[in-house]
Amino acid sequence: MKFNTKTIHGGQEHDPAYGSVMPPIYQTSTYAQSTPGGHKGYEYSRTHNPTRNALENAFASIENGNHGLAFGSGLAAIDAVMKLFKPGDEVISTNDLYGGTYRLFTQIFEGFGIKFHFVGMENAGRIEEYVNENTKLIWAETPTNPMMNIIDIKALAAVAKKHHLLLGVDNTFATPYLQQPLDLGADIVMHSATKYLGGHSDVVMGALAVKEKDLADRLYFIQNASGAICGPQDSFLVLRGIKTLHVRMQRHCENGKMVAEYLKDHPKIEKVYWPGFEDHPNYLIAKEQMNDYGGMISFVTKGNDYDEAIRIVENLKVFTLAESLGGVESLAGHPASMTHASIPKEDREKTGVVDSLIRLSVGIEDIDDLIADLKQAIG
């Protein structure tokens, strides 16, 4: 089954009760038993729920995995991954990553005795110098948030396998429409399903997909024991969103390319970060491991002027100034004061997240309206 078909049918079955094409919303906390322990596969909705299970099957299918898990948020999904480890273990992480992930790592799990190394992974060869007997996980985003750096997943997988480490990849920006990390050697794929998988800015959710049953069983245990699951209504919404992922991503990519090219030619813009440019440092890797380049773009104005960046985002009319990304509507953000404010300024700026950086999530509106909006806002 090819990807566009998987988004609609992958891992899905018609409901056995009445043949419902869409999985019903099983808005229930518990299930009747004929005798103690005698049930139809469901006993309590923290452990299993038919609507959530349908969604988890879809997650696995579109990532070419064998097992999917749905959580109450993307951070809850990452939290579950980190609970695989114990005090004294070490993690090598991308240094350019979502601020909430950085906060979870440094302000929660460092306090539990897990050590993190934040490394620029654009050159995968740098990673091995941080590997030691305590290293258990390599954690990567690609493209990274918000600098749009591209990391070679196959190269990371080679390092992970050489040293018997797990490799986790945050695939939120790319989505499985653009790349499938499990096929490139990753062990765990994570999504903030709030973003492109849901696609309509109406739900908060996280997802994991894996191939190996033993790893899946460990994660299922953590999911059930910790309880950070999503409800059936949210599961239904994201399952519905996945069914249009392929057509939405096609338009996100088309619009993203035209916005990136417009900004690159604009006399008031200093630098545009988008992996589809041939002068992007890892363009050839992006071309090899991705099917297209997505709708996420970051840029800085000339003069690195904070006030100018704020003026621009406040003057946008079609783009909405808001947190998040990946919805059908175009969003603009100021990472230094919004999504990445939890990262210390000195650390932010080392990775390029300067005070004048603006991040765009290009939606699926008419491209002429998007360009006109940027034109009037930038001036």
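This note sets out numbered points on the predicted model shown above.

1. Basis of the note. The model is predicted: local features need pLDDT of at least 70, side-chain atom pairs count only at pLDDT 80 or more, and totals for chains, interfaces and linings use all residues. Residues are numbered from 1 along each chain as its sequence is written, and side-chain values use heavy atoms, with hydrogens and water left out.

2. In soluble globular proteins, nonpolar side chains tend to be buried together. Buried here means under 20% relative accessible area, exposed means over 50%, and partly exposed lies in between, with a 1.4 Å probe and protein chains only. For V259, contacts (heavy atoms within 4.5 Å) beyond the neighbours within four places in sequence are made with I297, L360, V362, I367, I371 and L374.

3. The largest pocket. A pocket is defined on a 1 Å grid over the protein atoms alone as an open set of points where a 1.4 Å probe fits, with protein on both sides within 12 Å along at least five of seven lines; lining residues have an atom within 4 Å of a point. Volume is the space filled by probe spheres set on the points, which are joined across faces, edges and corners. For the largest pocket the volume is about 410 Å³. Its lining consists of 15 residues, and E13, D15, P16, Y42 and P50 lie nearest the centre. By class, 8 lining residues are nonpolar, 5 polar and 2 charged. In this division Ala, Val, Leu, Ile, Met, Phe, Trp, Tyr, Cys and Pro count as nonpolar, Asp, Glu, Lys and Arg as charged, and the others, Gly among them, as polar.

4. The second largest pocket. This pocket contains about 360 Å³ of space. It is lined by 22 residues, with Y98, N145, T172, S192 and K195 closest to its centre. Two or more lining residues come from each of α3 (74-82) and β6 (188-192); helices (H or I, at least four residues) and strands (E, at least two) are DSSP runs, numbered from the N terminus. The largest share, 3 residues, belongs to α3. The lining divides into 8 nonpolar, 9 polar and 5 charged residues.

5. H191. This residue lies in strand β6. H191 counts as buried because its relative accessibility is 5%. Apart from neighbours within four places in sequence, H191 is in contact with E63, G74, N171, T172, T175, P176, L197, M205, G206 and A207.

6. Strand β2. In β2 (residues 90-94), 5 of 5 residues are buried. This strand pairs with β3 (residues 115-119) in the parallel sense over 5 bridges; two strands pair if DSSP finds at least two bridges between them. T94 stands opposite V119 of β3.

7. The five-stranded sheet. An open sheet of 5 strands has the order β8-β9-β12-β11-β10, with mixed pairing. Its edge strands, β8 (269-273) and β10, each pair on one side only. β9 and β12 (residues 357-361) run antiparallel and are joined by 5 bridges. F299 has I358 in β12 as its bridge partner.

8. Backbone geometry to inspect. Most residues other than glycine have a negative phi, and most peptide bonds are trans. The bond joining T142 and P143 is cis, with omega about -5 degrees, and the bond from N145 to P146 is also cis, with omega near 10 degrees. P143 is placed in the loop between β4 (135-141) and α5 (153-162), and P146 is found in the loop between β4 and α5. N304, not a glycine, has a positive phi of about 50 degrees and sits in the loop between β9 (296-301) and α11. N304 is partly exposed, at 46% relative accessible area. S324, likewise not a glycine, has a positive phi of about 80 degrees. The loop between β10 (320-321) and β11 (331-333) holds S324, which is partly exposed at 23%.

9. E314. Helix α11 (residues 306-315) contains E314, and E314 counts as exposed because its relative accessibility is 55%. E314 and A332 are 18 residues apart in sequence, and their C-alpha atoms are 9.4 Å apart in space.
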